[in-house]
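Dear colleague,

I am passing on the structure we spoke about, and my notes on it follow below.

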Amino acid sequence: MDAPRTTPSPTGDPKLDRLLPFAGRLVHAAHHDSRLYMETALADAVDVYGDETTALRALVVLLAAMCPDDATPVELLSWRANATEYRRLRALDVPAAQARVLAARVSERLADRDRRATA
C-alpha cells in the first residue's frame, strides 16, 4: 500500500504555512487600499502565533520572501504611481509585473504631457 501523499511545505514551517492565506489577503488589501481587510489579515496572523510581535515579525519575513529578488523596492512599488491604471490592467488579467511597468509608464507620459503643457 502506498503512503499517503503529502503536499510539501511551501515555507518549511507549519506556522508560516498557516500565515500564507493571510499574507495573500494582506497583499490584496494593500493593492486595493482596504484598511479593514489589512486589519483583519493582521489580526488573523496574531491568532496563529498568539502574540502580536512574533506574528508581525513572521508576517514581515514571509512577505519579504514573497517579493521577487530581481526588482528593487522602488520598482516593486512603481504601480502606486498610477494605482487606478494598475488595477484596471490587473482586472484584464495582465500579469502583475507587466501591469506595474505599464501603469508607471502611463503615469510618466501623463507627467511629460503636463510638463509640456506648462512649458
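At what angle do the axes of helix α1 and helix α3 cross? The axes of α1 (residues 14-31) and α3 (residues 52-66) come within 10 Å and cross at roughly 70°, the helices being DSSP runs of H or I with at least four residues, numbered from the N terminus, and the axes lines fitted to C-alpha atoms over the stretch in contact, with angles running from 0 to 180 degrees between N-to-C directions. The two helices are therefore roughly perpendicular to each other, a term that covers 65 to 115 degrees.

Please keep in mind that this is a predicted model, in which local features need pLDDT of at least 70 and side-chain atom pairs count only at pLDDT 80 or more, while totals for chains, interfaces and linings use all residues. Residues are numbered from 1 along each chain as its sequence is written, and side-chain values use heavy atoms, with hydrogens and water left out.

On the nonpolar core (buried Ala, Val, Leu, Ile, Met, Phe, Trp, Tyr and Cys residues joined through side-chain atoms within 4.5 Å; buried means under 20% relative accessible area, with a 1.4 Å probe and protein chains only), the largest one has 13 residues, of which L16, L19, Y49 and L59 touch the most other members. The largest share of this core, five residues, comes from α1. L16 touches T11, Y49, A58 and L62, leaving aside residues up to four places away in sequence, where contact means heavy atoms within 4.5 Å.

V48 lies in helix α2 and, at 9% relative accessibility, counts as buried.

Best regards

How values were computed: Parallel < 35°, antiparallel > 145°, perpendicular 65-115°, else oblique. Buried < 20%, exposed > 50% of the residue type's maximum accessible area, 1.4 Å probe, protein only.
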